[in-house]
Amino acid sequence: MINLEQRTYNEINKDLAKRVAKLRRRRKLSQQALAQKSGVSFGSVKRFEQTGDISLQSLTKIAIALEVEGELEYLFSQVPYESLEELLNEQGR
């Protein structure tokens, strides 16, 4: 079955970038200050906020700098099973 409401990776990335930018502003950090604090280049921070494009390593560094790394640490940790077969597959490993 096709999920007609499924968002594209680009839409998800842009939404994530908007949330990070909002948090950055809430913490009263400029893009330059976030770049310095995280060790991610200013260009990468700026590009991320504009396009959603960023490496996982840089996103992790930004999360650490914003003190929200726990959000990444729990990513995919509470995913519900889609079927009994999926549960059995996990238990068999």
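Predicted model: local features only at pLDDT ≥ 70, side-chain atom pairs only at ≥ 80, totals over all residues.

Residues are numbered from 1 along each chain as its sequence is written, and side-chain values use heavy atoms, with hydrogens and water left out.

**Salt bridges**

- The structure holds three salt bridges, a salt bridge being a side-chain nitrogen of Lys or Arg within 4 Å of a carboxyl oxygen of Asp or Glu.
- Glutamate 49 pairs with arginine 24 in a salt bridge whose closest N and O atoms are 2.6 Å apart. Because glutamate 49 lies in helix H3 (residues 42–51) and arginine 24 in helix H1, this pair ties together parts that are 25 residues apart in sequence; helices are DSSP runs of H or I with at least four residues, numbered from the N terminus.
- Buried means under 20% relative accessible area, exposed means over 50%, and partly exposed lies in between (1.4 Å probe, protein chains only).
- Arginine 7 forms a salt bridge with aspartate 15, with 2.2 Å between the closest N and O atoms; arginine 7 is partly exposed at 40%, and aspartate 15 is partly exposed at 24%.
- Aspartate 53 and arginine 47 form a salt bridge with the closest N and O atoms 3.4 Å apart, where aspartate 53 counts as partly exposed at 45% relative accessibility and arginine 47 as partly exposed at 37%.

**Surface patches**

- Patches are made of residues with over 30% relative accessible area and no salt bridge, with like charges joined within 9 Å and nonpolar side chains (Val, Leu, Ile, Met, Phe, Trp, Tyr) within 5 Å.
- Lys22, Arg25, Arg26, Arg27 and Lys37 form a positive surface patch, for which Lys and Arg count as positive, while His and the chain ends are not counted. The place of each charge is taken as NZ of Lys or CZ of Arg.
- Helix H1 (residues 9–26) supplies the largest share of the positive patch, namely three residues. Lysine 22 lies in this helix and counts as exposed at 58% relative accessibility.
- A nonpolar surface patch consists of Leu75, Phe76 and Val79, which together have about 360 Å² of accessible area, computed by the Shrake-Rupley method with a 1.4 Å probe. Leucine 75 lies in the loop between helix H5 (69–73) and helix H6 (84–91).

**A buried leucine**

- Leucine 59, found in helix H4 (residues 56–65), counts as buried at 13% relative accessibility.
- Leaving aside neighbours within four places in sequence, leucine 59 is in contact (heavy atoms within 4.5 Å) with Leu16, Phe48, Ile54 and Leu72.
- The C-alpha atoms of leucine 59 and glutamate 73 are separated by 12 Å, the two residues being 14 residues apart along the chain.

**Positive phi angles**

- Glutamate 67, placed in the loop between H4 and H5, has phi near 60°, a positive value in a residue other than glycine, and counts as exposed at 62% relative accessibility.
- Phenylalanine 76, in the loop between H5 and H6, has phi near 70°, a positive value in a residue other than glycine, and is exposed with a relative accessible area of 70%.

Key: Helix = DSSP H or I, 4+ residues; strand = E, 2+ residues; numbered from the N terminus.
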